[in-house]
Amino acid sequence: MTSTKAVVIGLGSIGTRHARILRELGLEVASVSRREGGDYGSIGEAVAGAHPDYAVIATETARHADDLQALAQAGFRGAVLVEKPLFATAAAPPKYPFAHVSVGYNLRFHPVMTALVEQLRGREAITVTAYVGQDIRDWRPGRDHRTTASATTDAGGGVLRDLSHELDYLLWLFGPWHRVAALGGASGARDIDVDDHLDLLLDMQRAPSVHVHMDYLDRQGVRRIRVNVDDDTIEADLVGSRLTVNGKATEIASERDQSYRDMHVAAMRGARPACSLPEALGVVHLIDASERALRSKTWVSP
């Protein structure tokens, strides 16, 4: 790790978490917030006053493009981590002057995911099923879920963007994708108008049959990926922190912030397996294609 000073832009729940973890890693951390509690009120003031060499953009998804541009215009040239997803809509970004740009798909660093990657190395998948579900009312205790960015279309909410970890790791492990179909939408069960449940069917280069389920509804809270390869069935349980192969489970120790710490260390260096800017753009394009498939009720290809 080479960075010593960081700026965290946005002090919502995830921004506050990033700031805490970076301080625990030994960095001097300044913050930018439009609300009370931030050290600076603008990105330009923070770059001029704090002289950071690492920046984390943790604002609403719809603001990411503007915040990256403001960071560049302020003269920042260090490494950047942008919270996921990279952008709310598919658009080619300008060429940024930063040392590195990574995107916050920390599940790439989860110890269970690392174990799954080792199991899959050099093997072609036959079927893949990814399931993620958690009741949106449980996400941010003490806040009305209906007023959060997750529940607001203009802020970039909805399951496809909020739960895009699944799209990232599927592209990382099995991509690129050839076609996608979608089913789901806004059920009204949580009194929000964004899509709160969605199922995708994907044909991918290293997995011809991929099913993805994501929702804001699940009262248990589940995040699993199940893969059938030639002679093995492998399930990675990221909530239960275990890897199961042919019914035999192995518990894998996973501390809550470990994947975030490892992600930040990699992002500061521009090192793998941090999600790169092109990879994150690929996720945004798949989100866009999935929404078109949902509206058209047809298969969509890149």
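Biologist: How many helices and strands make up the secondary structure of the protein?

Modeller: This is a predicted model. Its secondary structure comes to eight helices and 14 strands.

Biologist: How compact is the protein for its 302 residues?

Modeller: The globule rule gives 19 Å for a chain of 302 residues. The radius of gyration is close to that value, so the protein is as compact as a globular protein of that length. Along the principal axes, the C-alpha trace spans about 55 × 40 × 40 Å. The radius of gyration itself is 19 Å.

Biologist: What share of the residues is buried?

Modeller: A residue counts as buried under 20% relative accessible area. The accessible surface of the protein comes to about 13,400 Å², and 48% of it belongs to carbon and sulfur atoms. Of the 302 residues, the buried share is 52%.

Biologist: How far apart do the centres of the positive and negative side chains lie?

Modeller: There are 34 positive and 39 negative side chains. The distance between the centres of the two sets is 1 Å.

Biologist: Which strands are the edges of the six-stranded open sheet?

Modeller: The order is E2-E1-E3-E4-E5-E14, with mixed pairing. Inside this sheet, E3 (residues 54-57) and E4 (residues 79-82) run parallel and are joined by four bridges. Ala55 stands opposite Val80 there. An edge strand pairs on one side only, and that holds for strand E2 (28-32) and strand E14 (275-276).

Biologist: Is helix H4 mostly covered or mostly uncovered, and which elements do its buried residues pack against?

Modeller: Helix H4 (residues 111-120) is mostly covered, with seven of its 10 residues buried. These are Pro111, Val112, Met113, Ala115, Leu116, Val117 and Leu120. Just after H4, Gly122 takes a positive phi of about 75°. The buried residues pack against helix H6 (165-174), strand E10 (222-228), strand E11 (233-237), strand E12 (242-245) and helix H7 (258-269).

Biologist: Which residue of E13 is the bridge partner of Leu243?

Modeller: Start with E11 and E12, which run antiparallel and share four bridges. Ala236 stands opposite Leu243 in E12. E12 is also joined by four bridges to strand E13 (residues 248-251), again antiparallel. In E13, the partner of Leu243 is Thr250.

Biologist: Which residues in the turns of these two hairpins have a positive phi?

Modeller: The hairpin of E11 and E12 has four residues between its strands, and Ser241 in that turn has a phi of about 55°. The hairpin of E12 and E13 has two residues between its strands, and its turn holds Asn246, with phi also about 55°. The names are Ser241 and Asn246.

Biologist: Are His51 and Lys297 buried or exposed?

Modeller: Both have a positive phi, about 50° for His51 and near 55° for Lys297. His51 lies in the loop between helix H2 (43-50) and E3, while Lys297 is in the segment after helix H8 (277-296). Exposed means over 50% relative accessible area. His51 has 54% and Lys297 has 71%, so His51 is exposed and Lys297 is exposed.

Terms used. Residues numbered from 1 in each chain as written. Predicted model: local features only at pLDDT ≥ 70, side-chain atom pairs only at ≥ 80, totals over all residues. Heavy atoms only, no water. Rg over C-alpha atoms; globule rule 2.2 N^0.38 Å. Buried < 20%, exposed > 50% of the residue type's maximum accessible area, 1.4 Å probe, protein only. Areas by Shrake-Rupley, 256 points an atom, 1.4 Å probe, with all protein chains shown as cover. Lys, Arg positive; Asp, Glu negative; His and termini not counted. Charge placed at Lys NZ, Arg CZ, Asp CG, Glu CD. Pairing = 2+ DSSP bridges. Contact = heavy atoms within 4.5 Å.
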